[in-house]
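Open the model in your viewer and keep the selection tool at hand.

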Amino acid sequence: MARTDTYSADVHTRGTTTQGGIVAHVPASLFTGKLLIDATAAKDILFDLAPGAGRMLKHAQEGLKDVLAELPSALPKHAATLGISVDIVTRIATSTANLELLEELLGDARKLVEVLEESIAYHEDQREAEFSQLAETIKRTAARKDPSVEAAFEKLLKYVAQVGVKAAATRRKNEEAAKGASAKANDGSP
């Protein structure tokens, strides 16, 4: 089994090839988004709530955009009648601007977390493929040239074989369950 890596200007493709062709093909683009997220501008509006406190807070509802469009013209006209200060428009505008800043930062942070998680998975897959390729080479060498080479890589061979061992155990368990169900059905017992 040979591993192929191909790079172009912005796309990296990793595939593991066998005589039958590509086994795993994972296209991936190099991340060009924000690598550094600076929340310094939001330092005075960031709050760490107590566990569960978020459930007690009110959240934006459907129709928010219409309300935000209506208030700047309607409130100044009717503030005296309502007995409220026009300053509420400024406080609402400030809260809205704060939310926009925080939502932008959160979007960038979520994307970076997503890319970090995907990059971990990608590199973990590459490492596991290298382990598998190495294990196959060790087994071939042990079978054809020097059986003692397997002992030097005992932990690697056991590690790589785990997936196959678990799959075989699951197959046996499922086969036994199917035989048991079949036997019950043939006996006529409930």
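Select F47, L49, L57, K58, H59, A60, Q61, L64 and L99: these residues line the largest pocket. Here a pocket is an open set of points on a 1 Å grid over the protein atoms alone, where a 1.4 Å probe fits, with protein on both sides within 12 Å along at least five of seven lines; lining residues have an atom within 4 Å of a point. The model is predicted: local features need pLDDT of at least 70, side-chain atom pairs count only at pLDDT 80 or more, and totals for chains, interfaces and linings use all residues. Residues are numbered from 1 along each chain as its sequence is written, and side-chain values use heavy atoms, with hydrogens and water left out.

Colour the selection by class. The lining of the largest pocket holds 6 nonpolar, 2 polar and 1 charged residues. Nonpolar covers Ala, Val, Leu, Ile, Met, Phe, Trp, Tyr, Cys and Pro; charged covers Asp, Glu, Lys and Arg; the others, Gly among them, are polar. The space in the largest pocket is about 390 Å³. Volume means the space filled by probe spheres set on the grid points, which are joined across faces, edges and corners.

Keep F47, L49 and L57 selected. Together they make a nonpolar surface patch of about 340 Å². Such a patch joins nonpolar side chains (Val, Leu, Ile, Met, Phe, Trp, Tyr) within 5 Å, from residues with over 30% relative accessible area and no salt bridge. Areas come from the Shrake-Rupley method with a 1.4 Å probe; for residues, only the protein chains shown count as cover.

Zoom in on L49. It sits in the loop between β3 and α1 (64-82). Helices (H or I, at least four residues) and strands (E, at least two) are DSSP runs, numbered from the N terminus. Is L49 buried, exposed or partly exposed? It is partly exposed, because its relative accessibility is 45%. The cut-offs are under 20% for buried and over 50% for exposed, with partly exposed in between (1.4 Å probe, protein chains only).

Next stop: the second largest pocket, about 310 Å³ in volume. Its lining has 13 residues, and A28, S29, L30, F31 and S119 lie nearest its centre. Show β3 (21-29) and α2 (87-144), the elements that give two or more residues to this lining. The largest share, 7 residues, comes from α2.

Now turn to the charges. Side chains of opposite charge can pair when their charged atoms come close. The structure holds 6 salt bridges. Each puts a side-chain nitrogen of Lys or Arg within 4 Å of a carboxyl oxygen of Asp or Glu.

Select E104 and K34. Their salt bridge has its closest N and O atoms 3.9 Å apart. E104 lies in helix α2 and K34 in the loop between β3 and α1, so the pair ties together parts that are 70 residues apart in sequence. E104 is partly exposed at 48%, and K34 is partly exposed at 44%.

Move to D44 and K43. Their side chains meet in a salt bridge at 3.4 Å, N to O. Both D44 and K43 are exposed.

Then pick R127 and E124, another salt bridge, at 3.8 Å from N to O. About one helical turn separates them, because they are 3 residues apart in helix α2. R127 is partly exposed at 40%, as is E124 at 41%.

Finally, zoom out to the cartoon. The protein chain has 4 helices and 3 strands. From the N terminus, the order is β-β-β-α-α-α-α. Of its 190 residues, 13% count as buried.

Key: Patch = residues over 30% accessible without salt bridge, like charges linked within 9 Å, V, L, I, M, F, W, Y side chains within 5 Å.
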